Amino acid sequence: MKRVYSALLALAALGFGLVGLPRLLQHMSKHPQDGLADWKGAQLFFAGHSPYTPEGLREMGMSTFGHPPTTPFWFLPLAHLEQGRFSTVLGCIVLFVLLAHLLIVALELRVPRPHLHAALVFAVVLCTPWMAAHAEAAQVSELIAFFYVLAWVQLRRGLDLPAGIALGLATTFKLFPALVILFFLCARRWRVVQGALGAYLAVALIMTTRYGWKSWYLFLTLQG
């Protein structure tokens, strides 16, 4: 029975994957609104311009920029790609990270047949409309979730500093993960807070060297 169950899991994962993956690949280069801003911001980083100034916004063809100066850091390796290729590459990275995310959770919780169950959940997610929307907009939410998972695994092992580093890196994508760090501050888990601050400041310093200190003030003023 165990072999039959494993075979059924594998067949189900393959079936959902064959349906969902081609559709998802079609969505990856359609309308990368969120990721497009950060990709353009990464290009301005190499040009030595700030995407938060009126000149930078005009160069990007945008009226505002809703992500902090740290977000384009993750798009620097993709800045040289043309728009359609960038969106597809980012989408494939997100899918790989999602699969790793599910496998880590399955292994950590000692789910039976972790590889097959992770593959099945992954394949089912490929078929969902919300994952298509995620890929179409070139979202980074899964990357944030992955760093949450890494922090969770480290915390389960009592490794507060690496957990903090993971949370700090999550906050470099968007600012809301800082609320999780605030929880550890209130709990006086100082090593978590130190790791988070260290990781965040390292990325922030790299981006500030090109964007300038004023970019932070301009970012805040653009948020209304």
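Biologist: In this predicted model, is Leu18 buried or exposed?
Modeller: The relative accessible area of Leu18 is 60%. The cut-off for exposed is over 50%. Leu18 sits in helix 1, residues 2–27. With its 60%, Leu18 is therefore exposed.

Biologist: What is the area of the nonpolar surface patch made by Val4, Leu8, Leu11, Leu14 and Leu18?
Modeller: Leu18 is one of the residues that make this nonpolar patch, along with Val4, Leu8, Leu11 and Leu14. The patch covers about 520 Å².

Biologist: How many residues are in the largest nonpolar core?
Modeller: In soluble globular proteins, nonpolar side chains tend to be buried together. Here, the residues with the most contacts inside the largest core are Leu24, Phe75, Phe86, Leu90, Leu95 and Met131. Leu90 touches Phe75, Leu78 and Ala138, leaving aside neighbours within four places in sequence. The number of residues in the largest nonpolar core is 55.

Biologist: Is His101 buried or exposed?
Modeller: His101 belongs to helix 4, residues 83–108. Not counting residues up to four places away in sequence, His101 is in contact with Glu142, Ala145, Phe146 and Val149. Its relative accessibility is 14%, and the cut-off for buried is under 20%. His101 therefore counts as buried.

Biologist: How many residues apart in sequence are the parts tied together by Glu108 and Arg156?
Modeller: Glu108 and Arg156 form a salt bridge, with their closest N and O atoms 2.9 Å apart. Glu108 lies in helix 4 and Arg156 in helix 7, residues 141–156, so the pair ties together parts whose separation in sequence is 48 residues.

Biologist: Where does Arg189, the salt-bridge partner of Asp160, lie?
Modeller: The side chains of Asp160 and Arg189 meet at 2.9 Å, N to O. Asp160 is in helix 8, 29 residues away from Arg189. Asp160 is buried at 15% relative accessible area, and Arg189 is partly exposed at 31%. Arg189 lies in the loop between helix 9 and helix 10.

How values were computed: Residues are numbered from 1 along each chain as its sequence is written. This is a predicted model: local features need pLDDT of at least 70, side-chain atom pairs count only at pLDDT 80 or more; totals for chains, interfaces and linings use all residues. Side-chain values use heavy atoms; hydrogens and water are left out. Patches are made of residues with over 30% relative accessible area and no salt bridge: like charges are joined within 9 Å, nonpolar side chains (Val, Leu, Ile, Met, Phe, Trp, Tyr) within 5 Å. Accessible areas come from the Shrake-Rupley method with a 1.4 Å probe; for residues, only the protein chains shown count as cover. A salt bridge is a side-chain nitrogen of Lys or Arg within 4 Å of a carboxyl oxygen of Asp or Glu. Helices (H or I, at least four residues) and strands (E, at least two) are DSSP runs, numbered from the N terminus. Buried means under 20% relative accessible area, exposed over 50%, partly exposed in between (1.4 Å probe, protein chains only). A nonpolar core is a set of buried Ala, Val, Leu, Ile, Met, Phe, Trp, Tyr and Cys residues joined through side-chain atoms within 4.5 Å. Contact means heavy atoms within 4.5 Å.
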